[in-house]
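Please examine the sequence and the model shown below. The questions and answers that follow describe the model step by step.

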Amino acid sequence: MIQETKIALKNAGKINPLSISEYQSAGGFSALKESLKKEPKQIIQTINDSGLRGRGGAGFPTGMKGRFTDEAVCHYCGPKYIICNADEGEPGTFKDRVIMEQDPHLMIEGMLISAFSIGAQKGYIYIRAEYSESIEKVKKALENCYKEGYLGKKLPGTDFSLDLEIRLGAGSYLCGEELTLLESLEGKRGYPRIKPPFPAQKGLFGCPTLINNVETFAHIPYIIEHGPENYRKFGTEKSPGTKIFTISGDVEKPGYYETEMGVTLRELIEDMAGGIEDGEDFQAAVLGGAAGTFVDESVLDTPMGYDTLKEKEAILGSGAIMVLDDSRCLFEMLYDILKFFQHESCGKCVPCRVGTTQLVMMMDQIKSQKNGNREEMLEKMKNEAEYMAANSLCPLGASPILPLASTYKYFKEYF
Amino acid sequence: MIKKLLNKYPPTKDQLLMILHDIQNNRPDNYVSVSDMKEVADYLNITLSSVYGVVKYYSMFSEEPRGRYIIRLCKSPVCRMKGTFDILNTLEKMLDVEMGETTHDKLFTLETSECLGQCDNAPVMMINEKLYKNIDAYKLSNIIRSIRSNQNQ
């Protein structure tokens with residue numbers, strides 16, 4: 001029976017999330033104090049050595065992002081920025097909300113350490129406006145940090161100070177993508193940017209910007225305090241550390257569970273979430289959200305990690321796990337997901353704008369022809385989605401291929 | 001009319017979304033009018049079309065008057081599995097409106113939303129800032145009734 005291993009949620013439920021003194025009593029800000037004694041480059045190296053990968057979904061090495069931002073040379077602009085991506089909108093995902101609601105100071109400490117390491121003096125926390133409780137709690141935590149002198153003035157023994165502000169989204173899924181988020185922060189419509197340049201070179205207002213997910217920032221204090229070797233004791237070689245998995249759908253105890261990377265889907269469903277609801281049988285799980293992959297029972301014993309799942313043509317993504325028992329119609333689920341993309345496509349790239357609509361139309365066609373060649377249609381849809389993925393600017397256009405290709409691989413007979 | 005509100009913000013374009021939220025939340029009819037948009041555009045020294053474009057792009061903003069209470073029913077895959085559409089039907093009947101419409105008394109506007117990040121409590125909905133978890137027909141009628149009666153007091 002596996003146990004939870006808590007890094008990002010180490011204080012969750014144990015301390016009053018609004019109290020900075022309780023956070024400090026639980027060891028809060030000691031990692032920051034330790035960091036201030038070090039060379040900024042050393043911190044980036046430590047994070048690099050820890051092998052931490054971005055917890056927002058893409059799994060890009062966090063240390064490398066830090067290094068790129070640190071090394072970015074900008075001749076005409078002054079500041080570097082630090083941004084926390086708290087625009088959690090991937091269906092089935094609610095881990096960032098839990099961190100912000102239960103331990104907002106931890107995320108801020110992670111931001112402070114990262115800002116110090118790259119020399120950023122100004123930062124933003126971009127939260128989706130629907131997360132009213134998270135917004136309130138982060139607001140209060142920021143006030144606490146200003147009052148206690150962690151924000152807004154020079155930290156002891158350094159020339160470093162950081163200002164943080166909350167900015168709100170307004171209901172756009174796409175703004176969770178980092179370049180689109182930057183556009184939104186600048187007060188524009190959420191249209192994706194062409195990359196390169198990456199945010200590390202040319203981010204907010206054209207300046208080098210380090211942008212990480214809430215959960216990623218929440219790991220940084222632990223890494224500084226305990227060292228990269230101890231962090232690497234958790235998880236797998238290629239996906240070190242822990243991960244918050246959010247399990248929903250047909251399970252007995254839907255919820256959030258932080259475990260080591262490399263845990264299996266079966267362990268998560270059975271040991272953590274109490275098994276399939278009402279004693280039904282497992283049919284499928286959707287891993288990683290809407291921009292995620294359908295898997296069948298053959299993946300139940302695969303370790304959950306970025307690379308291990310990739311070998312199975314599945315993704316870890318944001319850590320969302322939506323479980324479907326055998327009474328559920330996979331077809332309906334896929335249809336819902338494709339309709340979601342149709343609704344959220346911003347319309348900038350033609351292949352995505354037209355493609356997401358076409359995919360829904362093709363699904364309608366499959367629906368209407370009861371006994372036609374559905375498998376052939378599914379293959380057509382897969383080809384269409386591949387074309388979209390190759391010809392769209394942002395990850396949204398590259399998303400429909402994930403559920404489609406995985407449905408094709410695991411549930412072809414279903415059609 | 002919104003001068004006082006605008007003066008809280010530095011006149012830089014990156015404040016646009018924050019300003020629009022503020023305007024909308026301070027209007028009982030929950031929207032941003034074209035004349036508001038003009039004032040915002042002047043204040044930030046940007047074009048009206050760029051303000052309008054932002055209002056139209058983001059689904060939480062409306063350029064049409066809405067009810068005092070915005071109901072946002074989550075229609076993400078998990079909430080759908082757990083019966084969002086039954087809830088939607090019940091709400092439509094209860095309020096005598098269709099999705100997207102406002103009740104005659106201008107109290108409620110019924111909308112749907114993408115994932116609200118509460119999948120462990122599905123189905124969920126928000127009414128303005130407040131979240132309602134694990135909703136069913138019984139809870140729904142209590143929620144709506146209590147808002148209505150508070151309103152009449």
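Two residues are in contact if their C-beta atoms, placed from the backbone, lie within 7 Å. The model is predicted: local features need pLDDT of at least 70 and side-chain atom pairs count only at pLDDT 80 or more, while totals for chains, interfaces and linings use all residues. Residues are numbered from 1 along each chain as its sequence is written, and chains are lettered from A and ligands numbered from 1 in the order in which they are written.

Q: What percentage of the contacts in chain B with a separation of 6 or more comes from residues 24 or more positions apart?
A: The secondary structure of chain B comprises seven helices and four strands, where helices (H or I, at least four residues) and strands (E, at least two) are DSSP runs numbered from the N terminus. Along the sequence these elements follow the pattern α-α-α-α-β-α-α-β-β-β-α. Among the contacts of chain B with a separation of 6 or more, the share from residues 24 or more positions apart is 58%.

Q: How far apart are the C-alpha centres of domain 1 and domain 2 of chain B?
A: The C-alpha atoms of chain B fill a box of roughly 50 × 35 × 25 Å along the principal axes. An automatic or database assignment supplies the domain bounds; for chain B it gives domain 1 (3-57) and domain 2 (69-152). The C-alpha centres of domain 1 and domain 2 of chain B are separated by 28 Å.

Q: How many residues of domain 3 of chain A are in contact with domain 1 of chain A?
A: Chain A is divided into domain 1 (20-232), domain 2 (242-325) and domain 3 (334-414). The C-alpha centres of domain 1 and domain 3 of chain A lie 34 Å apart. Ten residues of domain 1 of chain A are in contact with domain 3 of chain A, and the number that domain 3 contributes is eight.

Q: In what order do the four strands of the open sheet in chain A lie?
A: Strands pair if DSSP finds at least two bridges between them. The edge strands of this sheet in chain A are β3 (163-168) and β4 (209-213), each of which pairs on one side only. The pairing in the sheet is parallel, and the order of the four strands of chain A is β3-β2-β1-β4.

Q: Which residue of β4(A) stands opposite A:N85?
A: Strand β1 (residues 81-86) of chain A runs parallel to β4(A), and five bridges join them. One facing pair is A:I83 with A:I211 in β4(A). The residue of β4(A) that stands opposite A:N85 is A:N213.

Q: How many of the five residues of β4(A) are buried?
A: A residue is buried if 20 or more other C-beta atoms, placed from the backbone, lie within 10 Å of its own, exposed if 12 or fewer do, and partly exposed in between. A:T209, A:I211 and A:N213 are buried on one side of β4(A), and A:L210 and A:N212 are buried on the other. Of the five residues of β4(A), the number buried is five.

Q: Which angle do α2 and α6 of chain A make where they cross?
A: Helix α2 (residues 30-37) touches helix α6 (residues 104-118) of chain A through A:A31, A:L32, A:S35 and A:L36, which meet A:E109, A:L112, A:I113 and A:F116 of α6(A). Angles run from 0 to 180 degrees between N-to-C directions, and axes are lines fitted to C-alpha atoms, for helices over the stretch in contact. Under 35 degrees counts as roughly parallel, over 145 as roughly antiparallel, 65 to 115 as roughly perpendicular and the rest as oblique, and α2(A) and α6(A) are therefore roughly parallel. Their axes come within 9 Å and cross at roughly 5 degrees.

Q: Which element gives the most residues to the side of chain A that touches chain B?
A: In this interface, 37 residues of chain A are in contact with 30 residues of chain B. Elements giving two or more residues to the chain A side are β3, α8 (178-185), β5 (242-249) and α12 (330-344) of chain A. With five residues, the element that gives the most is α12(A).

Q: How many other C-beta atoms lie within 10 Å of A:I15?
A: A:I15 is found in the segment before α1 (20-25) of chain A. Not counting residues up to four places away in sequence, A:I15 touches A:E22, A:Y23 and A:A26. A:I15 is buried, because the number of other C-beta atoms within 10 Å is 21.
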